[in-house]
Amino acid sequence: MIMKINNKNNAILVKHSKSLEGLIQTPSDKSISHRCIMLGSLCVGETKIKNLLLSEDTTITINAMREFGAKIIEDKENNTVNIYGIGIGGLFQPSKNIYLGNSGTSARLLMGLMSSCSVEVNFEGDNSLSNRPMGRVLNPLSEMGLEILDESSGKLPIRLRGSKMSIPINHKITVPSAQVKSALMFSALNIKGKSTIVEPIMTRDHTERLFELFGADISVTRNNEGYNLIEIIGEKKLKAQELDIPGDPSSAAFLIVAGLIVPKSKLIINNIMLNPTRSLFIDYLIEMGGDIKFKNKYVKCGEQVCDIEVRSSKLRGIHTPKEVAPSLIDEYLALSIAAAYAEGESRFCGLSELRVKESNRFNAIKDLLNLSGVSCQEVEDDLLVKANENVRGGSAIKVNLDHRVAMAAMILGMNSKYEISIDDISPISTSFPEFEKIYSQIGGSYRYI
Ligand code: S3P
């Protein structure tokens with residue numbers, strides 16, 4: 001018997017699903033959508049973006065860029081967003097505080113962007129974002145010229161003053177984070193001279209690819225230590241683009257795992273981006289024994305995209321080394337569910353960054369699995385999952401404002417013996433507003449409590 005765990009309308013009870021079937025269109029990629037909104041806003045002229053992800057997080061970036069002076073118009077009929085930008089360094093002084101909600105990507109990339117312009121900005125966010133570390137971007141940006149105007153512990157809310165006289169940076173990334181790298185890159189766009197960023201461990205490279213596409217002066221090479229060397233010469237005008245955004249592999253990950261763990265299932269999932277810094281989890285799922293077939297491959301927005309067919313599979317445990325953690329960072333929740341239903345033990349290594357996501361996802365995975373009858377232990381920064389083909393469920397899961405924890409719990413409960421209750425599924429709309437609809441369409445079952 002599961003107790004009601006929340007009084008709001010966002011709590012649900014997930015029931016066992018018999019089998020899953022359907023054709024799914026993956027929602028557009030969140031990382032690329034944020035970056036295209038920002039880059040389109042920095043062009044003079046019209047950027048047309050087809051299939052832009054319109055979720056809570058990306059709407060936050062849209063609203064921020066409007067506040068900085070860009071005109072952004074949604075053309076619902078053609079499923080396009082048209083952006084009329086202000087040019088590099090042309091940011092207006094915002095007339096009000098910039099609210100960043102739950103969105104870490106908006107926070108860090110926008111701090112980078114405004115840091116080299118003469119604007120003063122009050123940034124604020126929700127409870128989750130206000131507990132996440134911003135020092136990792138504020139410290140290098142301060143070396144370039146950003147001023148922190150209040151006594152701050154490196155967390156939101158924070159008041160920042162950018163500088164038109166910023167100096168180019170030569171910075172070696174210490175936290176493997178695409179958000180930190182991208183913050184510095186957006187700052188460098190408006191700085192006279194050459195900024196150099198050295199990235200020892202590769203993270204998602206959308207900013208590099210899009211800067212090139214929009215005509216920024218960027219070169220990406222390898223230095224003699226084998227590290228990524230990103231060089232940007234600032235103040236080059238960007239060229240407005242017409243783009244079509246590919247599907248988000250991190251959102252598709254939950255549906256792929258659902259197709260694998262629920263018996264007698266067959267799902268066709270279209271429009272999954274195969275950028276190697278994002279789609280590594282598919283290789284691991286195949287190594288686990290997942291029946292995943294690539295159907296069509298095509299290119300969108302300079303990225304490889306494909307359709308896949310997923311069928312229920314008997315899975316084996318897996319070991320993922322520390323070095324690949326940044327390329328799996330948003331998929332550990334989905335992978336740990338696959339591991340829960342696999343045979344044998346799985347070990348995911350080097351997950352320290354999971355502790356500072358929308359919630360402490362390291363603990364979230366432990367709680368989700370242990371409360372549901374699957375042994376999951378912490379060994380330093382590694383997670384050890386002891387698989388159990390008959391996952392018990394019967395757990396009450398707290399989401400702590402984390403969209404991916406909510407989706408993970410909904411997938412885990414599709415094949416658990418007892419129902420799983422989830423206190424709040426509303427955060428899912430930060431990245432995947434259609435998730436509930438698709439979940440039901442393919443055969444998932446839940447009810448509000
Ligand atoms: C993102 C980078 C990752 C990822 C986040 C989106 C991005 O964060 O977890 O969901 O768009 O750059 P970190 O770069 O901080 O690991």
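In this predicted model, 60% of the 449 residues of the protein chain count as buried. What about the surface that is left? The protein chain exposes about 17300 Å², and 47% of that area comes from carbon and sulfur atoms.

The overall dimensions fit in with this picture. Taken along the principal axes, a box of roughly 60 × 50 × 45 Å holds the C-alpha atoms of the protein chain. A compact globule of 449 residues would have a radius of gyration near 22 Å, and the protein chain comes out at 22 Å, so the two agree.

The protein chain carries 52 positive and 52 negative charges, and their mean positions lie 3 Å apart.

Zooming in, one residue gives a handy close-up. Asn228 sits in strand S13, which covers residues 228-233. Is Asn228 buried or exposed? Its relative accessible area is 6%, and buried means under 20%, so Asn228 is buried. Which residues does Asn228 touch, leaving aside those up to four places away in sequence? The list runs to Ile197, Val198, Glu199, Met202, Glu208, Val220, Thr221 and Arg222.

Key
Residues numbered from 1 in each chain as written. Predicted model: local features only at pLDDT ≥ 70, side-chain atom pairs only at ≥ 80, totals over all residues. Heavy atoms only, no water. Helix = DSSP H or I, 4+ residues; strand = E, 2+ residues; numbered from the N terminus. Buried < 20%, exposed > 50% of the residue type's maximum accessible area, 1.4 Å probe, protein only. Contact = heavy atoms within 4.5 Å. Rg over C-alpha atoms; globule rule 2.2 N^0.38 Å. Areas by Shrake-Rupley, 256 points an atom, 1.4 Å probe, with all protein chains shown as cover. Lys, Arg positive; Asp, Glu negative; His and termini not counted. Charge placed at Lys NZ, Arg CZ, Asp CG, Glu CD.
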